[in-house]
Amino acid sequence: MSTDDAHDPKFGEYGGQYVPEALMPAIEELADAYGRYVLENEDGFMDEFRERLADFGGRPTPLQYAEQLSARYDTDVYLKREDLLHGGAHKLNNALGQVLLAKYMGKERIIAETGAGQHGTATAMAAAHLDMPCEIYMGETDIARQRPNVFRMRINGAEVNPVTVGRGTLKEAISETMRDWATTVENTHYVIGSIVGPHPFPKMVRDFQAVISEEAREQAIEKTGGLPDSVVACAGGGSNTMGAFAEFVSDDGAERSSAKNPSGDEPRGRVDLVAVEAGGSSLTVDEEKGVAPNSATLSTGDEGVLHGARTKLLQDSDGQIMESHSVSAGLDYAGVGPELAHLVDEGRVTPVNVDDDAALEAFHRLSQDEGVIPALETAHAFGYLEENHDELGDTVVVNVSGRGDKDLETVIEETSKRDLDIAPDMSILNRVGGGGI
Amino acid sequence: MGLERAFADEPAFVPYLAAGDPNYEDSLAYVEALAEGGADVIELGLPFSEPIAEGKTIQDAIVRSLESGMTPDRFFEFVEDLDVDVPLVCMTYYNLIYQYGDSESRSDSGTASGDTASQEGPRPFVEKAAEVGIEGFVVPDLPAEEAGPLREACDEFGLDLVFIVAPTTRGDRLERMMEQVSGYVYVQARLGVTGARDDVDDATEASLARLSDWDVPKAVGFGIKTGEHAEEIVAAGADGVIVGSALVDIVAEGHEDGDSTEAVADRLESLARELKQGAVRGAQERPQPERT
């Protein structure tokens, strides 16, 4: 667990608390609660959180050796199976932590934004589990392309409020949830879904997600006798990314360490951290229309202030925020967590990107070769592995941030637009007269 | 420094409009109509794509303004083109202020490169604003904790920096703002985002009471839409009233109905007059301060 000062809002120059005044007392109250309950385990908060993560969430998740991929790349590939967490994605780690924290703080109502619907789903589940009323804001574009998650949220008892401004994706949903919070701050907690937003959210969400790398690091040592050479994770806002990286950040020695460590000493060395962003359809920006057909914030964005934090952004030359794009709704965001922006500037995290086509191909490959259907977000990490496995060393951990059931409609539609050799033939559906899934 | 002067003789009426809503030319006429109607300070919105503190009325105004081509440079031209004799305050979000000095270095490449972080911060924007005659700023997403660089630039060019005090603002936060505020303080009448409402909130009186020892004028905003509202608020001790959404509604309706620029400007001027007169009446109802 991190020992950061709960009252230090910065990561180098990034981070901070750029929010309307009406929200300042709430985030100060939250920073105080974060310090007491999360960092100092007051009233046994962290014990209860860990117990619920195990019993309700199903932790620990396995670190699985991927036989086919390892043979294909001549590299030991391990999958950190966050797709097996309850709800099918890493999102529950954070949602459960924050809803529980809201209870400890005496809040009576939960609100959250969602992009792909995974965070909304996790929050709705956690709120039902902990008996809290819950409302989710979701852009109308995302509602249309993530219908299964809308059903799940409703079935768990959450209200789903469509956001119609702008392009109706995650960026607008976050703004709208902040507006709700500005009105209801006295009795409501805003469960933000990633390591974004004003302090203390980026640190707190990272700490709730850090269980991923805490487990993965121990599991890797247990299974291989040493540290992995690289950890690869997809990055949108960056919560699975920082979760997968957090406990490896200090493994920053000069050399890789996968030379095994038979002496039983604590393994040392460098673990490379690779954040794979959505390259979308192109990295070229259309200033005129204010559109970036990608979500490659770490690779191509520059510094600015959005949604409460100074971070890297996709913005035009005036500072207006661009409409981002990715085939994967969960990566479709014009900002990124300030801690990741900082780690990229420091050279500790390497930002790379994978385009829509390569992600779709990787989706099918993992499904066919390993029997794991990944979320489209996750597929970006495997797209990078396919192209660049030579650079990642002998042992690679890839974070399987979520499962792909929610994306099947999108995948089939997007695959049929492209000529992908690897894609399965779906014509059987036409032969039996059905169209839907 | 000098926005205080607008509050010196009688309670001030401080209207807001988004510059460029629904287009450049009409917007010039509308802002001038507010001045005709008795505005003492005008808050001009420079639209940002993610206005997290605004309700639907002003969000829509911002969309109309952006779609009609408003940018920071156009905004500065707009201020120069305005024919008003009233102090102007720029209301915008911090990213636009922060990025301004970078525009030239960044606009020449299709793909922004990662290493063009702003070196100068808010200074170039403030310098340009001062040059065109802006006298102060309201920045809803910039709390006192993050305001140091903007405050410095404002001091350098002699501009005021207005802070928003919310019903939830207490203790240390009030102290920090009191140290940095100048011109006037924007007292947020209720929780939530901007937007016209039908009643006056009790939180207003409580907020004014908390600020009783501040030596800058106190202007109350959020939800005011009639002369009676303005009157009650000034009677309760405010030095001025800030009105945005009720005026933006007139612009929006005129735009939707295809009304002439003159007709919309007349309506704005007449509501402005009603609000100003309400504020003046409110001052007369106030218990007279006991002076020695």
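Tutor: In chain A, four strands make an open, antiparallel sheet in the order 1-2-12-11. Strands here are DSSP runs of E, at least two residues long, and helices are runs of H or I of at least four, both numbered from the N terminus. Two strands pair if DSSP finds at least two bridges between them. This is a predicted model: local features need pLDDT of at least 70, side-chain atom pairs count only at pLDDT 80 or more, and totals for chains, interfaces and linings use all residues. Residues are numbered from 1 along each chain as its sequence is written, with chains lettered from A and ligands numbered from 1 in the order in which they are written.

Student: Which are the edge strands of that sheet?

Tutor: Strand 1 (10–11) and strand 11 (302–306) of chain A, each pairing on one side only. Strand 1 is joined to strand 2 (residues 14–18) of chain A by two antiparallel bridges, and Lys10(A) sits opposite Gly15(A).

Student: What does helix 13 of chain A lie across?

Tutor: Helix 13 (residues 338–345) lies across strand 1, strand 2 and strand 12 (308–313) of chain A, at about 45 degrees to strand 12. For such angles, axes are lines fitted to C-alpha atoms, for helices over the stretch in contact, and the angle runs from 0 to 180 degrees between N-to-C directions.

Student: How do I read the two faces of a strand?

Tutor: In a regular strand, side chains alternate between the two faces of the sheet. Now look at strand 14 of chain A: Thr395(A), Val397(A) and Asn399(A) on one side are buried, and so are Val396(A), Val398(A) and Val400(A) on the other. Buried means 20 or more other C-beta atoms within 10 Å of the residue's own, with C-beta atoms placed from the backbone.

Student: Why is strand 14 of chain A described as largely enclosed?

Tutor: Because six of the six residues of strand 14 (residues 395–400) are buried. Strand 4 (residues 76–81) of chain A pairs with strand 14 in the parallel sense over six bridges, with Asn399(A) as the bridge partner of Lys80(A). Strand 9 (residues 230–234) of chain A also pairs with strand 14 in the parallel sense, over three bridges, and there Val231(A) stands opposite Val397(A).

Student: How many residues does each chain give to the contact between A and B?

Tutor: Chain B gives 40 residues and chain A gives 33, where contact means C-beta atoms, placed from the backbone, within 7 Å.

Note on methods
Two residues are in contact if their C-beta atoms, placed from the backbone, lie within 7 Å. A residue is buried if 20 or more other C-beta atoms lie within 10 Å of its own, exposed if 12 or fewer, and partly exposed in between; C-beta atoms are placed from the backbone.
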